[in-house]
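User: I am new to this structure. Please show me how to read its features, step by step.

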Amino acid sequence: MAEDGNDQTIDLASFVPESFKGEDGSYDTTKFRAQFDELLSFKSQADERVAALPKEASAYAWALPEGHAFPEGFDVEAMKTKDEQGNEVAFDAAKMLDQTDPDVAEIQGILLKAGVDPALMGQLASVWVNRDLRGVMDAQKTVANEMAALGNEAQAKSRIDTVNRALSARMPKAQSDAVLNSLTSADAVRGIEALLKSTTATTATAPQKVDTSNMKPEEKILLGLQQRELRRA
């Protein structure tokens, strides 16, 4: 009988699961209430999480997370470049993320539909950048191997300096620089040496300066590294 005096009996079986029923046929209402409160708290937290999720795909920022870890063996210092005034510019991995890439918009839409934490987008950006950086690292090794094919460090430097002087004597600096910058392999250097030694070398047309306007950041980085290695050798 209820405490308010009404002649009513609560049928626990109508809302308490059988799992809370003991061998004696009575229900463990204390355990039921504890689990109910736990589930209620879980639901409240889940509701708060859902409420905090982005409402638009663009809210999933295509950016590197704080503390981004570069691939093993990657040398940030070696990736420094020079601006047009000759000032040293630190490498910024964030610039490798193309905000206009249509694939990025597709990923944002997928994450929005899945209702996941926005931090996941940053994790994907880390994987994306590191994949490209590993490609740059492989290219650096290729450039180093090509330069080694020209001889030891002193021999390679001498050959490159000789080519540079010969080019500078035959054409304007912008053109000679364009030719030198296009030499990305030992065979390319050997080819220019052969042309310079031939009677027709002086009439050869120098390649146009590399157009970097449509290059991706990682492609510009690789080009700069190739140019630097050739000058160092």
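**Reading the model**

Analyst: Start with confidence, as this is a predicted model. Among the elements of the chain, helix α2 (residues 102–114) has the highest mean pLDDT, 93. Helix α7 (residues 217–232) has the lowest, 66.

User: Over which residues is the pLDDT below 50?

Analyst: That stretch is residues 199–207. Beyond near neighbours in sequence, the stretch has nine contacts in the model. For the chain, the mean pLDDT is 80, and 83% of its residues reach 70 or more.

User: Now a helix. What should the 12 residues of helix α6 span?

Analyst: Count 1.5 Å a residue, and helix α6 (residues 186–197) should span 16 Å. Its end C-alpha atoms are 17 Å apart, which agrees.

User: Which residues of α6 are buried?

Analyst: They are Ala186, Val189, Ile192, Glu193 and Leu196. Here is the general idea. An α-helix has 3.6 residues a turn, so residues three or four places apart point the same way. Now the case in α6. Seen down the helix axis, the buried residues fall within an arc of 125 degrees, so they line one face of α6.

User: What do the buried residues of α6 pack against?

Analyst: Their partners are α3 (119–148), α4 (153–170) and α5 (173–181).

User: Take a residue in helix α5, Ser176. Is Ser176 buried or exposed?

Analyst: Ser176 has 1% relative accessibility, so it counts as buried. Leaving out residues up to four places away in sequence, Ser176 touches Leu167, Ser168 and Met171.

User: Next, the aromatic rings. How many aromatic pairs are there?

Analyst: The count comes to six aromatic pairs. A pair of aromatic rings is described by the distance of the centres and the angle of the planes.

User: Where do Phe20 and Phe32 lie?

Analyst: Phe20 lies in the segment before α1 (29–52), and Phe32 lies in helix α1. The pair therefore ties together parts that are 12 residues apart in sequence. Phe20 counts as buried, because its relative accessibility is 8%.

User: Which residues form one aromatic cluster?

Analyst: Phe15, Phe20 and Phe32 do.

Terms used:
Residues are numbered from 1 along each chain as its sequence is written. This is a predicted model: local features need pLDDT of at least 70, side-chain atom pairs count only at pLDDT 80 or more; totals for chains, interfaces and linings use all residues. Side-chain values use heavy atoms; hydrogens and water are left out. pLDDT is the predictor's confidence in each residue, from 0 to 100. Helices (H or I, at least four residues) and strands (E, at least two) are DSSP runs, numbered from the N terminus. Contact means heavy atoms within 4.5 Å. The expected span of a helix is 1.5 Å times one less than its number of residues. Buried means under 20% relative accessible area, exposed over 50%, partly exposed in between (1.4 Å probe, protein chains only). The arc is that of the directions from the helix axis to the C-beta atoms. Rings of Phe, Tyr and Trp (its six-membered ring) pair if their centres lie within 6.5 Å; planes under 30 degrees apart count as stacked, over 60 as edge-to-face and the rest as tilted.
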